[in-house]
Amino acid sequence: MDRTSPVPLYFQLARQLESAVENGTLTPGTLLGNEIDLATRLGLSRPTVRQAIQTLVDKGLLVRRRGVGTQVVHSTVRRPLELSSLYDDLDAAGQLPATRVLVDRLEPATGEVAAALRVPEGSEVRYLERLRTAHGEPMAYLRNHLPAGLVDPGTERLETTGLYRLLRSAAVTLHSARQAVGARAATAAEAALLDEREGAPLLTMERVTFDDTGRPVEYGSHLYRADRYSFEFQLMVRP
């Protein structure tokens with residue numbers, strides 16, 4: 001701690017703790033102890049430690065658990081807006097992704113799905129519902145429609161890898177996507193799946209993915225926990 005710096009001590013401590021969480025020095029599940037012990041160990045006042053901890057609780061990096069103490073939770077996944085799958089992004093970030101398949105069936109295309117996939121309304125499409133977890137905690141509720149016959153992944157394969165990997169293994173060349181990001185409150189059913197409270201904020205993402213011939217190969221409608229997930233945008237100044 002630099003006591004000569006104009007930066008408040010609580011903010012310096014919060015930055016150091018956040019850095020330790022992000023670089024893995026403080027791993028998920030680590031107990032920090034109570035505020036009195038931390039203040040004594042660090043030579044800081046209890047209000048300073050309390051304010052630093054609250055800053056990181058507000059960011060979702062720490063959680064206070066009754067009877068347990070202050071504990072490190074999993075850091076927020078920051079996903080760039082590019083054509084990649086959530087499974088691949090989590091895997092690359094060392095987040096230990098896993099999948100529970102809720103639905104895998106053929107069904108008639110609704111008007112919305114038919115328009116997205118450019119197939120006749122009522123024609124058969126494959127519908128998938130999956131719950132994606134990271135480090136054993138719910139992260140996203142994924143709903144996807146695919147043209148019938150494009151790929152038949154099977155529950156076992158869907159539980160061990162990502163959908164885009166399966167499409168590529170079926171010789172589908174993913175080229176581009178049209179995507180919209182938003183937010184809304186969780187319904188009771190969605191909250192139960194994602195281990196959230198009803199009405200909690202969720203991030204939404206709708207995507208239509210195209211292959212290298214311009215054919216739609218996937219229509220996805222996904223929900224993400226807002227405390228564990230964010231989208232990153234890179235904005236350029238138009239000349």
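This note walks through the main features of the predicted model, point by point.

1. **Basis.** This is a predicted model, in which local features need pLDDT of at least 70, side-chain atom pairs count only at pLDDT 80 or more, and totals for chains, interfaces and linings use all residues. Residues are numbered from 1 along each chain as its sequence is written, and side-chain values use heavy atoms, with hydrogens and water left out.

2. **The chain overall.** The chain holds eight helices and eleven strands. These are DSSP runs, numbered from the N terminus: helices are H or I with at least four residues, strands are E with at least two. Of its 239 residues, 44% count as buried. Buried means under 20% relative accessible area, exposed over 50%, and partly exposed in between (1.4 Å probe, protein chains only).

3. **Surface and contacts.** Take the contacts between residues at least 6 apart in sequence: 58% of them join residues at least 24 apart. Contact means heavy atoms within 4.5 Å.

4. **Helix α2.** Glu35, Leu38 and Ala39 are the buried residues of α2. They lie on the same side of α2, because their arc around the axis is only 100 degrees. The arc is that of the directions from the helix axis to the C-beta atoms. Thr40 and Arg41 are exposed on the other side of α2. The buried residues of α2 pack against β1 (31-33), α3 and β2.

5. **Helix α3.** The buried residues here are Thr48, Val49, Ala52, Ile53 and Leu56. They cover an arc of only 125 degrees around the axis, so they sit on the same side of α3. Their packing partners are α1 (9-22), α2 (35-42), β2 (62-65) and β3 (69-72). Glycine 60 follows α3, with a positive phi near 85 degrees.

6. **Length of α3.** How far apart are the end C-alpha atoms of α3? They are 20 Å apart, which agrees with the 20 Å that 14 residues (46-59) should span at 1.5 Å a residue. The expected span is 1.5 Å times one less than the number of residues.

7. **Nonpolar cores.** The largest nonpolar core has 17 residues; Leu13, Leu26, Leu32, Val49, Leu56, Leu62 and Val72 touch the most other members. Such a core is a set of buried Ala, Val, Leu, Ile, Met, Phe, Trp, Tyr and Cys residues joined through side-chain atoms within 4.5 Å. Helices α1, α2 and α3 each supply at least two residues of this core. The largest share, five residues, comes from α1. Another core lies apart from it, with 13 residues, among them Val151, Leu163, Tyr164 and Leu174. In soluble globular proteins, nonpolar side chains tend to be buried together.

8. **Two residues to look up.** Leucine 56 is in contact with Ala14, Leu17, Glu18, Leu61 and Leu62, leaving aside neighbours within four places in sequence. Threonine 70 is in strand β3. At 6% relative accessible area, threonine 70 is buried. Not counting residues up to four places away in sequence, threonine 70 touches Thr30, Leu31, Leu32, Gly33, Ile53, Leu62, Val63 and Arg64.

9. **The aromatic pair.** The structure holds one aromatic pair. Tyrosine 10 and phenylalanine 11 form it, edge-to-face, at 6.3 Å centre to centre and 80 degrees between the planes. Rings of Phe, Tyr and Trp (its six-membered ring) pair if their centres lie within 6.5 Å; planes under 30 degrees apart count as stacked, over 60 as edge-to-face, and the rest as tilted. Tyrosine 10 is partly exposed, at 23% relative accessible area. Phenylalanine 11 is partly exposed too, at 35%.

10. **Positive phi outside glycine.** Arginine 118 is not a glycine, yet its phi is positive, about 60 degrees. Arginine 118 lies in the loop between α5 (111-117) and β6 (124-134). Its relative accessibility is 56%, so it counts as exposed. Alanine 171 also has a positive phi, near 70 degrees. Alanine 171 sits in the loop between α7 (163-169) and β8 (174-185). At 67% relative accessibility, alanine 171 is exposed.
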